[in-house]
Amino acid sequence: MDLTRLFTIPLQRTPDKIALEFVDPTADPTPVTYTYRELHRAADRWAASLQALGVTKGDRVAFYMGNRPEFVLAYLAVIRLGGIMVPINLRYRRREIRHILHDATPRLLLTEDRQQAVLDELDPEDRAGLEHVLSVDQAANWLAPEDSTPEPAMVHGDDLALIMYTSGTTGRSKGAMISHNNVLATVTGLLAAWAWQADDVLFLVLPLFHTHGLVVGLHCALAAGATTRLRPRFQLEETVRELSSGPATLFFAVPTIYVRLVAALREMEPRPDFSRMRLFCSGSAPLAAETHQEFTALTGHQILERYGMTETGMNFSNPYAGPRIPGTVGTPLPGVFARIVDDQGNDLPPGQEGELLVRGSNVFDGYWQDPEKTAASFSHDAQGNRWFHTGDLARMDPETGYVTLLGRRHELIISGGFNIYPREIEELLLTYPGVREAAVVGEPHPEWGEVPVAYLVTDGPVDEAALVAWAKRELAGFKVPRRFYYLDALPRNAMGKVQKHLLRSSQSTPTP
Ligand code: MLC
Ligand code: AMP
């Protein structure tokens with residue numbers, strides 16, 4: 001079974017129901033809507049158009065665009081053809097985009113007019129492998145006639161649907177190969193675990209270029225026959241209005257968004273009434289127990305926190321019916337198996353802290369064209385089962401069986417739900433004239449969770465504004481260090497490895 005069949009039942013049962021509604025409040029405020037039938041037909045037309053452009057099974061199609069209906073149509077079209085979508089974070093800049101284009105070698109890049117300036121920064125050589133760069137704003141010029149349908153493609157569950165780039169410990173991001181079956185496993189697990197209903201209305205403000213927005217949000221809603229009210233991005237006032245007086249029943253967000261909602265609700269008199277909502281979920285980064293509790297006090301709703309990864313889809317969830325415990329991610333979702341192990345890979349008893357390993361149909365097969373990193377990310381048990389090493393440190397409560405995440409084995413920084421690996425920033429900083437050594441660490445931040453800061457050893461004074469402006473052209477803004485500290489030398493151990501835990505306490509000169 002391929003993923004597009006997930007929508008077959010709503011298509012047969014409720015063809016005239018609104019599947020997707022989109023409004024861009026900053027542009028034309030008129031809603032664009034698609035019923036299930038219209039969505040199906042439009043996806044056929046887009047598939048026929050992409051097929052005419054040469055897209056066939058196994059071809060990668062990169063997406064560099066924001067949330068909009070064309071993203072959904074083009075995505076459905078690509079997977080219907082057996083193509084592989086390669087979404088690119090819209091905040092990514094030259095260095096990150098170049099890497100993805102070189103690594104995934106897509107045949108086609110779909111974008112929108114407003115991203116042209118960023119793409120113009122690429123060297124012609126970076127775009128050399130692309131047969132077409134097409135803007136969906138100009139789709140009228142290249143779409144096939146309205147009732148076109150594609151030649152059917154044989155797509156199997158094990159075929160890839162997505163290559164999603166995740167930040168890598170080795171500096172450059174790795175492409176996680178996600179099959180149709182992987183997505184199906186997460187979707188079917190969540191449909192059951194969260195009691196999705198056809199009359200649900202999802203208010204979706206998360207980016208479709210990540211698992212949270214795409215799989216947990218859009219895919220589940222389409223499979224349930226629900227309605228998705230898609231927005232280009234999170235906007236506080238609009239969200240409060242929608243959750244209190246719109247038709248929404250479901251809201252999914254990262255902790256930064258809940259922090260902003262709590263701060264806003266605290267100040268509002270009279271307080272907006274969210275009683276029509278059925279479920280609030282949080283994930284992608286740790287939700288502080290304080291935020292969880294304050295949200296309940298302000299709204300009467302208990303946020304349901306769940307845990308997932310790009311590589312695995314969703315792994316754990318607090319229960320829909322049952323106690324949702326702040327500071328925990330609950331228990332494994334249906335079909336997910338988990339272990340907590342010590343450094344030697346031995347299972348630990350409940351209550352002890354170790355690395356979390358998972359397996360199940362939700363877990364990806366490996367990294368695109370990277371057998372070494374793939375091999376390093378999995379291990380086999382005595383029965384031959386293949387377990388993915390999440391890199392997340394966890395402890396299971398012996399009484400409740402709920403799991404708490406305690407941190408990471410590797411140096412991942414999570415800022416507002418986006419992942420940052422220090423190494424990538426360090427490598428970039430080292431290419432800047434005058435920078436001799438660089439170490440990047442995460443600093444706690446009340447709104448973003450964490451932000452990156454850099455410790456530099458330089459040959460002399462650095463023009464920091466110029467350094468920041470340069471870094472922002474190369475990397476996504478959220479990866480650019482918020483602060484720079486200057487040291488005479490980085491603290492290193494006998495092996496020469498930088499001792500990052502000592503950095504925060506070291507004598508340094510903050511930003512001059
Ligand atoms: C934006 N900025 C950030 C940031 N997002 N800085 C740090 N961390 C972030 N996450 C910076 C911008 O670079 C800009 O600075 C300034 O903030 C304002 O930008 P903005 O575009 O106005 O920000 P805003 O729209 O308010 O975005 C905040 C946000 C967004 C929280 C809504 O970051 C967001 O949608 N995050 C969700 C990420 C997500 O979906 N993750 C799921 C991954 S999947 P400047 O200086 O550049 O102008 C996954 C698996 C799982 O993790 O379990 O789900
Ligand atoms: P990504 O690579 O963007 O998919 O991010 C995956 C990582 O996000 C996980 O390995 C966790 O470290 C983190 N994460 C996701 N959900 C949660 C959560 N509920 N609590 C804490 N960390 C989370």
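Select β11 (250-253) and β12 (279-282); these strands run parallel and are joined by 4 bridges. Strands here are DSSP runs of E with at least two residues, helices are runs of H or I with at least four, and both are numbered from the N terminus; two strands count as paired if DSSP finds at least two bridges between them. The model is predicted, with local features requiring pLDDT of at least 70 and side-chain atom pairs pLDDT 80 or more, whereas totals for chains, interfaces and linings use all residues. Residues are numbered from 1 along each chain as its sequence is written, chains are lettered from A and ligands numbered from 1 in the order written, and side-chain values use heavy atoms, without hydrogens and water.

Display F251 next: its bridge partner in β12 is F280. The chain passes from β11 through α10 to β12 in a right-handed β-α-β crossover (clockwise from the first strand over the helix to the second, with the strands pointing away from the viewer).

Now show the side chains of β12. L279 and C281 point one way, F280 and S282 the other, and all are buried (under 20% relative accessible area, 1.4 Å probe, protein chains only).

Move on to β13 (residues 304-309), which pairs with β12 in the parallel sense over 2 bridges. Here L304 stands opposite C281.

Then select β1 (residues 18-22) and β10 (residues 227-230), a parallel pair with 3 bridges; F22 has L230 as its bridge partner.

Finally, view the whole open sheet of 9 strands, ordered β2-β1-β10-β9-β11-β12-β13-β14-β15 with mixed pairing. β2 (32-35) and β15 (331-332) each have a single partner strand, so one side of each lacks a neighbour in the sheet.

Terms used:
Contact means heavy atoms within 4.5 Å. Axes are lines fitted to C-alpha atoms, for helices over the stretch in contact, and angles run from 0 to 180 degrees between N-to-C directions. Buried means under 20% relative accessible area, exposed over 50%, partly exposed in between (1.4 Å probe, protein chains only).
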